[in-house]
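User: I would like to learn how to read a helix and its side-chain pairings from a set of coordinates. Could you take me through one case with care?

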Amino acid sequence: MPSSLVNLVYLRVSQINGCAYCIDMHSRDLIKEGFAIEKLVLVQAWREAGGLFDARERAALAWAETVTRVADTAVPDDEFMAASAVFSEKELADLTIAVGLMNAYNRLAIGFRNTPLAVRNVDAARCGEQE
């Protein structure tokens, strides 16, 4: 599975969970991989983005959302079938593990108050201005 697809899923899961540290990190990773800014800013509203996201990206984003919100969704059969139509059994297993890991990492980053790089950069610049 391409790292850009995994990073896209990581970003979406982090958006759902409100993890600023991970949103910052995975946005930066996607930009480094050449992910278009136009797509990056629409990840949160991907369903409304028309054809901007390809079929695999849409399927991965939908799967990430339903698995992340499992307490609310119970991962309906139709969503499983839709993901299974796009991804092989191994790919879907890998994708599900990635979603689960990112949910755990979000809880760690939020729980331990990890500071996003963007905030650290701004704080460092402010310290430089005060000298």
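User: Which residues of H4 are buried?

Analyst: A word of caution comes before the list, namely that this is a predicted model. A residue is called buried when its relative accessible area is under 20%, and by that criterion the buried residues of H4 are Glu-57, Ala-59, Ala-60, Leu-61, Trp-63, Ala-64, Glu-65, Thr-66, Val-67 and Thr-68. Because ten of the 14 residues of H4 are buried, the helix is largely enclosed by the rest of the structure.

User: What covers the buried residues of H4?

Analyst: The cover includes helix H1 (3–17), H3, helix H5 (70–73), H6 and helix H7 (89–111).

User: Is Glu-57 buried or exposed, and which residues is it in contact with?

Analyst: Glu-57, which lies in helix H4, has a relative accessibility of 11% and therefore counts as buried. Leaving aside neighbours within four places in sequence, Glu-57 is in contact with Leu-5, Leu-8, Phe-35, Lys-39 and Leu-52.

User: With which residue does Glu-57 form a salt bridge?

Analyst: A pair qualifies when a side-chain nitrogen of Lys or Arg is within 4 Å of a carboxyl oxygen of Asp or Glu. Glu-57 forms a salt bridge with Lys-39, and the closest N and O atoms are 2.9 Å apart. Since Glu-57 lies in helix H4 and Lys-39 in helix H3, the pair ties together parts that are 18 residues apart in sequence. Both Glu-57 and Lys-39 are buried.

User: How many salt bridges are found in the whole structure?

Analyst: The search finds six. One of them joins the side chains of Glu-91 and Arg-56, at 3.1 Å from N to O, and this pair links distant parts of the chain, with Glu-91 in helix H7 and Arg-56 in helix H4, 35 residues apart. Glu-91, at 21% relative accessibility, counts as partly exposed, and Arg-56, at 28%, also counts as partly exposed.

User: What separates Asp-94 and Lys-90 along helix H7?

Analyst: Asp-94 and Lys-90 are four residues apart in helix H7, which means that about one helical turn separates them. They form a salt bridge whose closest N and O atoms are 2.7 Å apart. Asp-94 is partly exposed, with a relative accessible area of 32%, whereas Lys-90 is exposed, with a value of 58%.

User: How many aromatic pairs does the count give?

Analyst: The count comes to one aromatic pair. The rings of Trp-63 and Phe-80 have their centres 6.2 Å apart and their planes at 55 degrees, so the pair is tilted. Because Trp-63 lies in helix H4 and Phe-80 in helix H6 (residues 77–86), the pair ties together parts that are 17 residues apart in sequence. Trp-63 counts as buried at 6% relative accessibility, whereas Phe-80 is partly exposed, with a relative accessible area of 40%.

User: Which residues make the nonpolar surface patch?

Analyst: Ile-31, Ile-37, Val-41, Leu-42 and Leu-52 make a nonpolar surface patch of about 410 Å². Leu-52 lies in the loop between helix H3 (37–40) and helix H4 (55–68), and Leu-52 is partly exposed, with a relative accessible area of 34%.

Technical notes
Residues numbered from 1 in each chain as written. Predicted model: local features only at pLDDT ≥ 70, side-chain atom pairs only at ≥ 80, totals over all residues. Heavy atoms only, no water. Patch = residues over 30% accessible without salt bridge, like charges linked within 9 Å, V, L, I, M, F, W, Y side chains within 5 Å. Areas by Shrake-Rupley, 256 points an atom, 1.4 Å probe, with all protein chains shown as cover. Helix = DSSP H or I, 4+ residues; strand = E, 2+ residues; numbered from the N terminus. Buried < 20%, exposed > 50% of the residue type's maximum accessible area, 1.4 Å probe, protein only. Contact = heavy atoms within 4.5 Å. Phe/Tyr/Trp six-rings, centres within 6.5 Å; stacked < 30°, edge-to-face > 60°.
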